[in-house]
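Dear colleague,

Please read them alongside the coordinates.

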Amino acid sequence: MLPIFYTSPENINGDLAILTGEEAHHLQKVLRLTKGESAMIVDGCGNAYRTQIEAIAEKSVKCRIFAPVRNFGEPMHYVTLAGGLSTGYKFDEVIEKGTELGVSRFVPVITEKAKVRIDDELSGRRKGERWRKVAIAAMKQCGRSLIPAIEAPIHFEKLFSLANLGQTVIFDPTAGENSFGIFHPDTEQKYFTLIVGSESGFSAGELQAAREKGILAVSLGKRILRTENAGPTAAALLMFRLGEFR
């Protein structure tokens, strides 16, 4: 498989693609690629380009495009993973693993029991910038071409006003016999949403609000997973059921 690099769409001009910054450094100093070698470049918008390195400068690399590929590595279905915000860098792990599994959108959710609060715009922006970097790295690592959308953190009650939720399930360890196996995704649909709580779970009021929206509450079986593992596990199960691992 060709090494994959990311560049923004404005660095794609006709049959030329330019790598700058960390991507150019990685190509030159880490992978030590040279003129004439091949590389795959993705623009984060669903486009990939098979290229040949044409010129290497100190801070940039010029590549000649010879084969564009649309929707390179992208799933057929649009899955949203709405995860409860937790302490530390747990949501970074959710984004990394979820991106590798094919999640198209992440929604960080502030639940009633959450131990995390984003009290100012600067803090929220910094988290968003870090999450985007995590998503880009995961996109390249797994061979995708689209950077997943990452919404600004929202409170639980505003989650259901988002567009394109589609078939939705909420994960509740107390759901008893309702394991994920009772959820039957309609593979003809495009949109699906998985709602996973923080380490403290959901409040009774939040679960009731979901039920009133007609959302099915399910568990992941007898064992309780950490929040950073529950979301990616749910995504993997859904992707398998949708035939995305074929």
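Helix H3 makes the greatest contribution to the lining of the second largest pocket, namely six residues, where helices (H or I, at least four residues) and strands (E, at least two) are DSSP runs numbered from the N terminus. This is a predicted model, in which local features need pLDDT of at least 70 and side-chain atom pairs count only at pLDDT 80 or more, while totals for chains, interfaces and linings use all residues. Residues are numbered from 1 along each chain as its sequence is written, and side-chain values use heavy atoms, with hydrogens and water left out.

A pocket here is an open set of points, on a 1 Å grid over the protein atoms alone, where a 1.4 Å probe fits, with protein on both sides within 12 Å along at least five of seven lines, and its lining residues have an atom within 4 Å of a point. Volumes are the space filled by probe spheres set on the points, which are joined across faces, edges and corners.

The second largest pocket, with a volume of about 370 Å³, is lined by 16 residues, and Tyr 6, Glu 22, Glu 23, Lys 133 and Ile 136 lie nearest its centre. Because domain 1 (4–70) and domain 2 (78–242) both give residues to its lining, this pocket lies between them; the domain bounds come from an automatic or database domain assignment.

The largest pocket has a volume of about 460 Å³, and of its 24 lining residues Phe 171, Pro 173, Ser 198, Ile 224 and Leu 225 are the closest to its centre. Helix H5 (residues 227–241) supplies the largest share of that lining, three residues.

Best regards
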